[in-house]
Amino acid sequence: MTYWEAIQTLHKHFYISSRRNKIWQANSVAKYFYYALAVFIYAYFVWIGYKLADLKSIDNLGGYRFVYAVLPLFLFFDYLFRYTTDHRLLMHIRPYLLLSLPKHSYTDYLILRQLIVFKNANLLFLFIPFSIKTIIPELGTKALIGYTAGLYLLLLINGQFFQFTQVLTARGVRYWLIPILTYTSISLIAIFIPTPQTYFARCAEMGNAMIRGEFWIYALMVLVLIGMILLNRTVLEHRIREEQFSSTLSKSVKNNLKLTFFDRFKHIGEYLKIEFWTITRNKRIRLLFIFNTIGIIVFSMITAFDQESEIVQTNGFLYYSFIIFGLSSLTRLMCYEGNYYECLLMQRNSIKNLLLAKYYFYTALLSIPLLAFLPVAIWGKVSFWTILAFALFTAGVTYRILFQMAVYNKVTFSLKATHTGKNTNTNYIQLVVTIIALFSPFPILAVGTFWLEQPILTNILLSLLGIIFIFTHRHWISTISQTMKDNQYEQLEGFQRSR
């Protein structure tokens, strides 16, 4: 098999694999939700592009050159956005290492796949509408070609950098320093330029070179792209072979915590230990927990130092700080437990005890945002009763909504799931439940805060609703566990089919 035949065969197999994915086929309705969501996001990018074009009328912002001035920020957003859609495919490549494929063909396919993927053009939906209102009236239609080509090359470089760092960050949190330091260093360039006008002038030189199609700027970007491809190729090759042929066994857990404190809760205590160990041992869940905690702390600092910020005034992000742990894990409730669902069915009340343990565990996690915002409340930046109201509403109403996913989830996730592979639950009900959980308190906020102009009434209503569901949590958890028992064969078939 020649080099290009191997590339074409890998592409054909990956395409067929995605079409035959049992998870994707089992939730055909979810496709249309994702298509609609993609259209909405791209339309939103177009709207942002047109709004940014209005900055041309503001003095000292350089007209169309403004986009080059804020390009480091756009590239950073593009990097983060890729994490929501891109998945590492190293595990899918591993079986092909047993075949006599040409050397580097499998790594080159992953790189080529990253280069031609449509997601590299995401930000062009923002850049091109911006240029239609700024570049074309000033420089003409021909200038749009060089403008688009230059920005697209930068997005390709950003995509290769993302793939390179994505492989490394899956190995440890310390590798996150690479993208953090890289984008921070690029942004710090503006600090060493004396005035904003000088900074815009330097950005204008780079932008005009792209628009005019000057050889040196494109040669430089192509060299950087080739360098990133070669570096990415080396890292991918090393990582794939390390995962496939490493003879070292997985490290045993040292200083294993006994967690004897939970023994007093009997069966529920055993499931509480499982929840704790899941966060500490599963890389994906551990990373989510760390970044969610960091996000809560960052927003509490924003609230403390910038009380007039719009996101602080709306209380939307304050509520999101309380539900972020639930949204990250409870929307996939029972997906990890699907690996041993048969064992749960064999023991009486095991599903109910498991759900109770999860409820107590994630209710206890609400103490993190509560403690993070407590100093802010002491300083008088946010009312303590508002924070308490959101905590009670989350523990009651929001968790009641999210726990319903235990009935609808029928997809098994690997207990060792990392960024390797693709663990995606495409259940459209998950999208609906997530949206309901996100927007559930806002009707009350709209009525109490904006219509009646009585924030105290809003806090009372949120707290009362939360307290009602908190005190009745055993009842509605029993109802959920009974519903799962009634549908146990259908749910068990789904877990077994997706393993």
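Reply: A helix here is a DSSP run of type H or I with at least four residues, and helices are numbered from the N terminus. The model under discussion is predicted.

Me: Which helices each supply at least two residues to the lining of the second largest pocket?
Reply: They are H5 (71-82), H9 (143-169), H10 (177-188), H11 (196-212) and H12 (215-245). The most is given by H11, with six residues.

Me: What makes up the lining of the second largest pocket by class?
Reply: Leu, Ile and Met count as nonpolar. The lining has 20 nonpolar residues, alongside two polar and two charged ones.

Me: Why are H8 and H9 called roughly antiparallel?
Reply: The axes of H8 (residues 124-139) and H9 cross at roughly 150 degrees, coming within 10 Å. Angles over 145 degrees count as roughly antiparallel; H8 and H9 are therefore roughly antiparallel to each other. The crossing in which H8 passes H9 is right-handed.

Me: Which residues make the contact of H8 with H9?
Reply: On H8 they are Leu-124, Phe-127, Ile-128, Phe-130, Ser-131, Ile-135, Ile-136 and Leu-139. On H9 they are Ala-143, Leu-144, Tyr-147, Thr-148, Leu-151, Tyr-152 and Leu-155. By class, this contact has 13 nonpolar residues, two polar and no charged.

How values were computed
Residues are numbered from 1 along each chain as its sequence is written. This is a predicted model: local features need pLDDT of at least 70, side-chain atom pairs count only at pLDDT 80 or more; totals for chains, interfaces and linings use all residues. Side-chain values use heavy atoms; hydrogens and water are left out. Axes are lines fitted to C-alpha atoms, for helices over the stretch in contact, and angles run from 0 to 180 degrees between N-to-C directions. Angles under 35 degrees count as roughly parallel, over 145 as roughly antiparallel, 65 to 115 as roughly perpendicular and the rest as oblique. A crossing is left-handed if the near helix is turned anticlockwise from the far one by less than a right angle, and right-handed if clockwise. Contact means heavy atoms within 4.5 Å.
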